[in-house]
Amino acid sequence: MRSTHDAFHVAVPTHDLDEAVRFYVFGLGAKLARRYDDRVTFDFFGDQLVCHLDAAAVAAEPVEYPRHFGVTFARAEDFDRLLRLVEHRKLRVLSGPATRFEGTAEQHRTIFLADPSNNVLEFKQYEDPRLQY
């Protein structure tokens, strides 16, 4: 089990570091941690996200499944806050907000976004917080 001092790390390609900063910092509210000529590192909801400059690796179109990343919020109010932010900042929504598996134990709310390099992000929140993991 990791401690609260550890961070999960994910790296994705980007075609433009400036656009990545605009989306993640000024769009989603991530914190800029470090920037280099070939990559930018963010504090992404307490974990580490790195956008590597590699236009050839960028998907032509965003596809939700199977590859995406994001945050599962424990609290409904945090998910609601994100939805307001997405609407206010007019971030690119691929699908949702929606409720999945309605009426089952796995019922949860979800929204899929795409960053400027077509990396897909999913944010969700389960009715039953025990299903967060």
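In this predicted model, Arg-34 touches Val-40, Thr-41 and Gln-48, leaving aside residues up to four places away in sequence. Arg-34 belongs to strand 2, which covers residues 31-35. Its relative accessibility is 37%, so Arg-34 counts as partly exposed, a class that lies between 20% and 50%. Gly-46 is 12 residues from Arg-34 along the chain, and the C-alpha atoms of the two are separated by 15 Å.

Thr-41, one of the contacts of Arg-34, lies in strand 3. Thr-41 has a relative accessibility of 5% and therefore counts as buried, the limit being under 20%. With residues up to four places away in sequence again left out, Thr-41 touches Lys-31, Leu-32, Ala-33, Arg-34, Gln-48, Leu-49 and Val-50.

The next topic is the nonpolar core. The largest nonpolar core has 26 residues, and Tyr-24, Leu-28, Phe-42, Phe-44, Ile-111, Leu-121 and Phe-123 touch the most other members. Two or more residues of this core come from each of helix 1 (17-27), strand 3 (39-44), strand 4 (47-53), strand 5 (69-73), helix 2 (76-88), strand 7 (108-114) and strand 8 (120-126). Helix 1 gives the most, with 6 residues. In soluble globular proteins, nonpolar side chains tend to be buried together.

Within helix 1, the buried residues are Leu-17, Ala-20, Val-21, Phe-23, Tyr-24, Val-25 and Gly-27. Tyr-24 touches Gly-29, Ala-30, Phe-42, Phe-44, Leu-49, Cys-51, Phe-69, Asp-115, Asn-119 and Leu-121, not counting residues up to four places away in sequence. At the start of helix 1, the backbone nitrogen of Asp-18 has a side-chain oxygen of Asp-16 within 2.9 Å. After helix 1 comes Gly-29, with a positive phi near 85°.

The last topic is a pocket. The second largest pocket holds about 230 Å³ of space. Its lining is made up of 15 residues, and those nearest the centre are Pro-13, Arg-67, Asn-118, Asn-119 and Val-120. Asn-119 is also among the residues that Tyr-24 touches. Strand 1 (residues 9-14) gives the most to the lining of this pocket, with 4 residues. By class, the lining has 10 nonpolar, 3 polar and 2 charged residues.

Terms used:
Residues numbered from 1 in each chain as written. Predicted model: local features only at pLDDT ≥ 70, side-chain atom pairs only at ≥ 80, totals over all residues. Heavy atoms only, no water. 1 Å grid on protein atoms, 1.4 Å probe; cavity = no way out; pocket = protein on both sides within 12 Å on 5 of 7 lines; lining within 4 Å. Points joined across faces, edges and corners; volume = space filled by probe spheres on them. Nonpolar A, V, L, I, M, F, W, Y, C, P; charged D, E, K, R; others polar. Core = buried A, V, L, I, M, F, W, Y, C linked by side-chain atoms within 4.5 Å. Buried < 20%, exposed > 50% of the residue type's maximum accessible area, 1.4 Å probe, protein only. Contact = heavy atoms within 4.5 Å. Polar contact = N/O pair within 3.5 Å; in protein donor to acceptor, adjacent residues only side chain to side chain.
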